[in-house]
Amino acid sequence: MDKNIAIAIDGPAAAGKSTVAKRVAKALGFTYIDTGAMYRAVTNAVIKRGLNPQDEGQSEMVMQGLSIDLLPDGRVICNGEDVTQVIREPLVSGNVSYIASYKNIRLALVEMQRKMAESKSVVMDGRDIGTYVLPNAQVKIYQIASVETRAVRRYEENLSKGIPTSYKDVEDDVRKRDYIDSHRDFAPLKPAMDSVLLDTSYMSIDEAVDAVLKVVKDKTGAERIC
Ligand code: CDP
């Protein structure tokens, strides 16, 4: 029997998935996989080549031969270049949902994601992990928070990373991405039927992490190792 455990954390933009997923992975000794960083890396590659992210054909060409590495320390390397910072900038955030709506780009990234999750225990966060990428994940969490809470969190996160943005722009971006992500044809954002809903609007990070760990323990028996 396969003893590896997969934990899928999906949900709308800036719901705090990656913060929670990273901590849950650390607590359990699992590998964290940030699938959003992969869509962001492709978006950055399209923009860098002077192509139009709203043009599906142009964007798909960029996928040929593109390598994306998610390092254990959180750095994102695309074709040998460290893109960790630039993929969080507003220009990438504002265009990533177009790129993520293109079927061939999704299929290529999903294949990479499934390979990354092979033969190890993982916490993977994104939009379609429980519904499409890892449908057999033993634990599926759908993490939400109000739009206002999410926009404030992302605005503060941007400030702390030195990414210049206004609160209004962040809120508009969150709403726009939610709309595109949940209305695309292929693997749209939606809760998996067997997911556990986690509303973190009024939860601290520690509370959200504890809530996920409790679900993990109930469903798989796996417990904190640190
Ligand atoms: O962290 P945040 O919630 O801002 O987003 P992210 O996880 O970095 O994902 C950025 C964008 O990538 C999303 O708005 C989606 O358009 C896309 N994405 C997706 O379509 N499927 C995934 N599994 C992960 C991200």
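The model is a predicted one, so to speak of local features takes a pLDDT of at least 70 and side-chain atom pairs count only at pLDDT 80 or more, while totals for chains, interfaces and linings use all residues. Residues are numbered from 1 along each chain as its sequence is written, and side-chain values use heavy atoms, with hydrogens and water left out.

Arginine 127 has a polar side-chain atom 3.1 Å from an oxygen atom of the ligand, and aspartate 128 has one 2.8 Å from a ligand nitrogen atom. The protein covers 97% of the 530 Å² of accessible area that the ligand has on its own (Shrake-Rupley method, 1.4 Å probe).

Around the ligand there are 20 residues, of which Ala14, Arg40, Arg154, Arg177 and Asp181 come nearest; a residue counts as near if one of its heavy atoms lies within 4 Å. By type, the shell holds ten charged, six nonpolar and four polar residues, where Asp, Glu, Lys and Arg are charged, Ala, Val, Leu, Ile, Met, Phe, Trp, Tyr, Cys and Pro are nonpolar, and the others, Gly among them, are polar. At least two shell residues come from each of helix H2 (35-48), helix H4 (90-99) and helix H8 (167-183), and H2 gives the most, with four. Helices (H or I, at least four residues) and strands (E, at least two) are DSSP runs numbered from the N terminus.

Now to the sheets. Five strands make an open sheet in the order E2-E6-E1-E7-E8, with parallel pairing; strands pair if DSSP finds at least two bridges between them. E2 (31-34) and E8 (196-199) stand at the edges with a single partner strand each, so one side of each has no neighbour in the sheet. Further in, E1 (residues 6-10) and E6 (residues 122-126) run parallel and are joined by five bridges, with isoleucine 7 partnered by valine 123 in E6. Helix H1 (residues 17-28) lies across E1, E2, E6 and E7 (139-144), at about 175 degrees to E6. Contact here means heavy atoms within 4.5 Å, and angles run from 0 to 180 degrees between N-to-C directions, with axes fitted to C-alpha atoms, for helices over the stretch in contact.

The other open sheet has three strands in the order E3-E4-E5, paired antiparallel. Isoleucine 77 stands opposite aspartate 82 in E5. H2 packs on this sheet too, touching E3, E4 and E5, at about 140 degrees to E3.

Note on methods: Polar contact = N/O pair within 3.5 Å; in protein donor to acceptor, adjacent residues only side chain to side chain.
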